[in-house]
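Colleague: I would like to go through a few local features of this model with you.

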Amino acid sequence: MLIFPAATVLHDCLASGPTFGLRTLNSISRADFAFVSPARSLKMPRANRKRRRSPPPEMHRNNRYKESPPDFSLLASLYPSFRQYLLFPSSSDRPAIDFTDFSATRELTRVLLLHDHGVNWWIPDGQLCPTVPNRSNYIHWIGDLLSSNLIPPITNSDSNSEKLVRGFDIGTGANCIYPLLGASLKGWSFVGSDVTEIALEWARKNVESNPHISNLIEIRDARKYRSLDGELASTTMPSDHVLVDVVKEGESFDFCMCNPPFFESLEDAGLNPKTACGGTSEEMVCPGGEQAFIHRIIEDSVSLKHSFRWFTSMVGRKVNLKILISKIREVGATVVKTTEFVQGQTARWCLAWSFLPPRRNLISPNAPIKTDLSFMLQGLQRKAGAFQVLKSVETFFLSKGASCKSDLASFFVNQITISGELAGEMFNDGTKTDSAIDGFSFRIAVFEQTPGTLLLRGSLLRKDSSNAGAFQLLFSQLEENLKMEFLHKSGG
């Protein structure tokens with residue numbers, strides 16, 4: 001029997017999607033702003049060349065469990081049905097549960113949903129049992145995407161000004177965890193789809209057991225499709241589509257989300273002996289694995305590009321991330337975002353993309369203008385030094401049509417100039433405007449902190465520039481491009 005202390009309660013299943021900590025690829029920690037020397041002048045003694053470890057990814061700042069992990073003793077005192085699963089290892093004075101016991105993990109999920117979210121919940125034996133704190137991170141990250149307003153809300157002529165956020169959960173499962181959390185945490189409306197009778201039955205039961213949010217959640221059979229004459233028909237076989245035909249004509253959503261089948265076979269899915277989270281073959285296995293399943297989402301997103309503000313999916317293997325991003329770029333997405341969820345030795349990634357034009361002005365009039373931005377490249381191979389990265393920076397901006405004056409000896413790309421005409425083409429959000437778009441100039445500097453770790457800093461040359469939002473978007477694109485080129489080559 002494997003026993004884990006209460007501190008590891010949030011350890012995720014191998015097959016159950018997002019894990020507990022979160023580190024966004026578009027953000028950097030406070031430590032990233034420490035003083036560093038330019039790459040050309042950094043001469044560290046060999047004895048001191050000890051690579052500093054970056055801070056471990058943290059839970060989302062809005063996750064209720066970030067500061068207050070579940071208290072097993074308290075839960076057992078309030079819910080006697082949970083008490084029977086408590087264990088007391090001699091090495092710790094804190095109670096634990098056996099995470100290889102499906103009944104124990106299911107009961108923990110039940111009491112957490114009830115105690116912390118006011119949600120009544122249950123699943124039958126064998127269905128995938130989610131971990132509440134880890135699933136909450138995905139919900140909060142989507143909240144960040146929506147609140148960033150990078151992609152404006154989809155407006156309909158008949159929509160109210162206070163439009164309810166609406167999400168679509170692909171493969172909601174019997175547990176229906178994302179709609180239940182999204183509705184209880186955020187007040188969002190959901191459509192959850194699935195293809196098996198037992199998943200549809202129990203998802204509906206879980207919704208009906210919570211009348212305070214049941215009006216926000218619809219469970220939809222993804223096996224139903226529209227025949228050639230327009231009539232609604234059904235089949236016992238799931239379609240190759242996951243959104244097309246399941247999304248109704250005229251419907252629009254703020255986002256879709258998915259915890260896809262990660263594995264190609266049940267044998268692959270059973271490789272983690274430390275957890276027992278259940279899961280049917282439909283929930284865990286897909287021919288071609290997660291890459292094939294997410295390809296189906298991408299293909300459907302092309303057909304529904306104007307119906308969703310954001311398309312998102314979990315990714316279980318980093319080696320698939322570059323392939324999927326390339327596919328998304330290939331089909332014409334305007335924006336791609338990624339984030340990483342990490343807990344212990346387990347990592348999951350989340351991928352988001354949109355076909356809608358991004359806002360040109362990313363900064364509200366009342367927000368402080370950021371004219372200095374930076375990000376880190378960590379884990380670089382030896383052959384990928386500051387010089388190679390700087391050359392890629394230069395190539396990136398030249399490919400955009402910008403003019404550059406490089407000083408490679410000083411590790412700067414100076415006087416990167418975006419003309420007003422080019423800025424209008426790059427950052428036009430589709431709205432008509434009578435005012436001309438100003439051009440702007442900035443520079444990029446590369447600093448080496450430790451071997452394999454570079455800091456890139458961008459600075460607008462005119463600090464009062466009104467194009468800080470466009471600069472921020474362009475700098476974000478540079479970050480994504482460099483991370484794809486230098487960090488994803490190895491397949492991670």
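Predicted model: local features only at pLDDT ≥ 70, side-chain atom pairs only at ≥ 80, totals over all residues.

Modeller: Residues are numbered from 1 along each chain as its sequence is written, and side-chain values use heavy atoms, with hydrogens and water left out.

Colleague: How far apart are the end C-alpha atoms of helix α9 (residues 289–303)?

Modeller: Helices are DSSP runs of H or I, at least four residues, numbered from the N terminus; strands are runs of E, at least two. The expected span is 1.5 Å times one less than the number of residues. For the 15 residues of α9 that should give 21 Å, which agrees with the distance in the model, 23 Å.

Colleague: Is C176 buried or exposed?

Modeller: C176 lies in the loop between β4 and α5 (177–186). Its phi is positive, near 50 degrees, though C176 is not glycine. Buried means under 20% relative accessible area, exposed over 50%, partly exposed in between (1.4 Å probe, protein chains only). At 0%, C176 is therefore buried.

Colleague: Which residue has its backbone oxygen 3.0 Å from a polar atom of the N63 side chain?

Modeller: N63 sits in the loop between β2 (21–24) and α1 (72–78). N63 is buried, at 4% relative accessible area. Leaving out residues up to four places away in sequence, N63 touches (heavy atoms within 4.5 Å) S136, N137 and H140, among others. The backbone oxygen at 3.0 Å belongs to P133.

How values were computed
Polar contact = N/O pair within 3.5 Å; in protein donor to acceptor, adjacent residues only side chain to side chain.
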